[in-house]
Amino acid sequence: MSPLAALLIRDMRIAVRVGGGALMGVLFFLVVVTLVPFAVGPDLALLKRIGPAILWLAALLASLLALDRLFAADHEDGSLDLILMSHAPLELVVAVKGVAHWLTTGLPLILAAPLSGLFLNLDAPAEAALVLTLLVGTPALTFIGLIGAAIAVALRRGGLLLAVIVLPLTVPVLIFGVAAANAAVVGPVPFGTPFTVLCALTLASLVVGPFAAAAALRQEME
Amino acid sequence: MALADFANPSRFLTFANRAIPWLGGVTLIAFAFGLNQAMVAPDDYQQGATVKIMFLHVPSAWLGMLGWGVMTIAALGTLVWRHPLADVAAKAAAPIGAAFTLLCLVTGSLWGRPEWGTYWVWDARLTSELVLFLLYLGVIALWRTVEDPSRAARAAAILTLVGAIDLPIIKFSVDWWNTLHQGTSVFRLGGSTIYPTILIPLFVMAVAFTLLFVTLHVAAMRNEILRRRVRTLRLMQASAAS
Amino acid sequence: MRLSAVDLACHRGGRDVFVGLSFAVASGEAMAITGRNGAGKSSLLRTIVGLVRITHGQLALEGGDPELTIAEQAHYLGHQDALKPSLSVAENLRFWVGFLGARAVDIQPSLDAVGLDELADLPAAYLSAGQRRRLSIARLLAVKRPIWLLDEPTSTLDASAQQRLAGFMRTHLAEGGLILAASHGSIGLDGAQELRLGQATPSPLAASAPSPLVGEGWGGGSESGAIASTGAIRLTTPTTNPSPQRGGGERKTS
C-alpha cells in the first residue's frame, strides 16, 4: 500500500485502540453539553435558541482535545524523524494525519450531535441544519488545529498553548457555522449564504493548514 | 461454599462456570413471570397502556443505582480491605450499570414524550440520572485508559467513591427540588402510594432485573479474570522469548 | 557509492556543536563515530540525514540516486525506536515497510532474523527495551537502503543480540552498503574507520599504524581543540581526499 495510506490506517488504528478510543471526544462533548443547562438554567426555550451555539462550542473544544497528541506522540517516540526523512511530502503527511483525526474525532461528534440536540430541545429542521454545518465545519476545525499542534509539538505543556493559538483562528468557522445552523430555523438570512462561506472557509483551511503545519514542523525539528 | 471461594480467582471461575447457567435460567423465569404480570396489570385511567413503560423504566433506574452501589462496595474492597477480586467486580459492574442507566434514560424519554410533550427536560431527577450516566462513562473511560489493571483499579475506586454522592442526589432530587418528574411513590416512610396491582408486577420485574444484573455481573467478572490471565500469559511470552 | 563531507559545521542550541569536519565513507566501508557525551555524535548523524540544518560546509553523495535525497536512501536508527505500543510487533513493522515505500516485502524473514517471530502478534507495549531495539533493527533488514546511520545501536542489546547486529552489519557492507555508527563502545566491526569528535589528542589507532591519510589534513593537528582524527585501518583501498588541505578545525568548547 502507498505510504500515505499506511499512515492513515496506522493513525486510525492507534486512535481507536488507545485510551477510550474515539469515544473520549464524544464523552467530552456530552459532558460540555450537560454543563450548559447548569450554567444558564433549564429554560427549554432559551436552550433551544442557543442550542446550535452550544453544540458548536462543544464540538470545537472536543476537537481540540485530541490535537495535543497528534504530532507530539510521533515526536516523542522518534517516528516524526523518520516521517520527515521520507519521500512523501510533509504537507501531504500532515493532511493525512488531519484526515485521520477528523475521521476518529470529528465524525463521531457529528453522529452524537443529534442526540445532544435532543437534550437541548432542538427540533428536526434545526438538528438537520446543525448536522450539516458540523459535517462541513469540523474538518476546518481539525485542519486549523493542525497548525497549533505542529507549533506546539516539542513543548511539554503544549496543550494550553495549542488552545490559545488555535481558538482565535477558528472564530470565523464558529461564526458562520452557528449562523448557518440558526439561519435554517430563525431566518431571515437564507441558510445558503453563511453555509457557502463556511464551505469556503473549510476548503481554505484544507490547503492552508497542512502547509502552515508542515512549515512549523520543519522549524521545530531544527 | 465458603466466602473464601470469592477471594481466589480460580475458584471463582469454577463457581462462575457452574452458577451462570442456573442464574440465567432463574432470570429467564423471573422475566417471564414479571412480563406476564405486567401485561395483565390494569391500564392507568389517565395514561392508558403507556404507564407500562414503568415496568422497564423504574427497575432499570434502581439497577443503575445498584450498579454504582456495587462499584462503591468494590471500591472499598480495593482500597480498604485489599480483596483480590474487588477490582474485577468493580470493572465488570461498570458497563452493566451504565447500560441500565441508559435504558432508564431512554425509556423515560419515550415515556415523557406523550406525557410531558418533550423528550427531555432539565429537571433535577433527570439531570442527576444523566450525570450518573456520564459518571459511568467516565469510569469506563478511566478503566480503559490506564494500562496496568491494579493502578486503574485504585484510580477508578477513588472516582467511584466520589461519584457515589450522586446516588442520594438522584433519590432525593424529587423531594429537594421542584421537578416535573413524579415524586417519591414507592419507597416512602408512609408506605407506597402505588396500588398493589401495579406495585406487585413492579417488584417482580425489579427482582427479575436484579437477577439479570447478577447473572451479567458474574459472567463479566469471569471474562475479566480470563482477560487478565491472557495479559499475564502475553507478558510471560514476551519475557520468555530470547 | 561514496558519502563525503567537507568542512562540515553544525550550530545547534546556540553553540557550535562541531566545526570543520571532513570525512568520506565508500561502499563496503564502515565508520565509527566516537566521542564523549555532548561531542556531537547524534548531531552529526542528524545533520547527514537532514534533520539538522548544515550551517557550513558540504555533504555529498556520489553514486546514489540523483533524484533522491540522502535521507531517502538511508536508514536512521536513532535513540528512540519509533514504535507504537498499541500496535502489534507485526503491525509496527508492516507500517514502516509500507511507509518507507517497500510495499510488497514479506516481513517474516526480518522478524525471524532478529528473533521476534514468535512475538509477531504481541502488542509492542509488552516488549522489553532490547526487544524494541531489535524490532527497529528489523526495519533496516526489511527495507533495503544503501546507507545505514546508527546512533548507539547496541544500547539495550544483550551480548547475543549485539553479535547478531554485527552480523547484519557485515552482510550489509558485503552487499555494498555503507555504515556510520555513533557509539561509546565498540560496535563489533573490525576494520571500521574511526571519527573521534571533540578530542584534543589523536586516537591511539593513528599513532600505532600510520596511514597514508594521517597528516594529509584529516585532522590530528597539534593545535588545541583539534576536531577529528581517523583510525588507520581501512577495509578497502583508501580513496584520495577530495578537499584541499585543511588542518584540524577549531572546536569551541561550550
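Let's start in chain A: helices α6(A) and α9(A) cross in a left-handed way. Left-handed here means that the near helix is turned anticlockwise from the far one by less than a right angle; clockwise is right-handed. Helices (DSSP runs of H or I, at least four residues) and strands (runs of E, at least two) are numbered from the N terminus.

A word on the model. It is predicted, so to speak with care: local features need pLDDT of at least 70, side-chain atom pairs need 80 or more, and totals for chains, interfaces and linings use all residues. Residues count from 1 along each chain as written, chains are lettered from A and ligands numbered from 1, in written order.

Back to that helix pair. α6 of chain A covers residues 124-151, and α9 of chain A covers 192-220. Their axes come within 8 Å and cross at roughly 20 degrees. Axes are lines fitted to C-alpha atoms, for helices over the stretch in contact, with angles from 0 to 180 degrees between N-to-C directions. That makes α6(A) roughly parallel to α9(A). The cut-offs: under 35 degrees is roughly parallel, over 145 roughly antiparallel, 65 to 115 roughly perpendicular, the rest oblique.

What classes of residue make up the contact of α6(A) with α9(A)? There are 19 nonpolar, five polar and no charged residues. Nonpolar means Ala, Val, Leu, Ile, Met, Phe, Trp, Tyr, Cys and Pro; charged means Asp, Glu, Lys and Arg; the others, Gly among them, are polar.

N121(A) is not a glycine, yet its phi is positive, about 65 degrees. Most residues other than glycine have a negative phi. N121(A) is also buried, with 20 other C-beta atoms within 10 Å. Buried means 20 or more such neighbours within 10 Å, exposed means 12 or fewer, and partly exposed is in between, with C-beta atoms placed from the backbone.

Next, chain B. It has seven helices and zero strands. Its C-alpha trace spans about 75 × 35 × 30 Å along the principal axes. Of its 242 residues, 35% count as buried. Take the contacts in chain B between residues at least 6 apart in sequence: 76% of these join residues at least 24 apart. Contact means C-beta atoms, placed from the backbone, within 7 Å.

Now chain C. It holds an open sheet of five strands. What is the strand order in chain C? The order is β5-β6-β7-β3-β8, with parallel pairing. Strands pair if DSSP finds at least two bridges between them. β5 (74-77) and β8 (193-196) of chain C stand at the edges, each with a single partner strand, so one side of each has no neighbour in the sheet. The twist averages 15 degrees from one strand to the next.

Look at β3 of chain C, residues 30-34. β3(C) pairs with β8(C) in the parallel sense over four bridges. There, A32(C) has E194(C) as its bridge partner, and T34(C) stands opposite R196(C). β3(C) also pairs with β7(C), again parallel and over four bridges. On that side, M31(C) stands opposite L180(C).

Are the residues of β3(C) buried or exposed? Five of its five residues are buried. A30(C), A32(C) and T34(C) point one way, while M31(C) and I33(C) point the other way. Helix α5 (159-174) of chain C lies across β3, β6 (147-151) and β7 (178-182) of chain C. It runs at about 145 degrees to β7(C).

Helix α1 (41-49) of chain C is mostly covered, with eight of its nine residues buried. After α1(C) comes G50(C), with a positive phi near 95 degrees. D7(C) sits in strand β1 (2-12) of chain C. D7(C) is not a glycine, but its phi is positive too, about 55 degrees. It counts as partly exposed, with 15 C-beta neighbours inside 10 Å.

Last, the interfaces. 20 residues of chain A are in contact with 23 residues of chain C. On the chain A side, α1 (3-17) and α4 (79-85) each give two or more residues. α1(A) gives the most, with seven. By class, the chain A side has 10 nonpolar, four polar and six charged residues. Chains B and C also touch: nine residues come from chain C and eight from chain B. The chain C side there has five nonpolar, three polar and one charged.

How values were computed. Contact = placed C-beta atoms within 7 Å.
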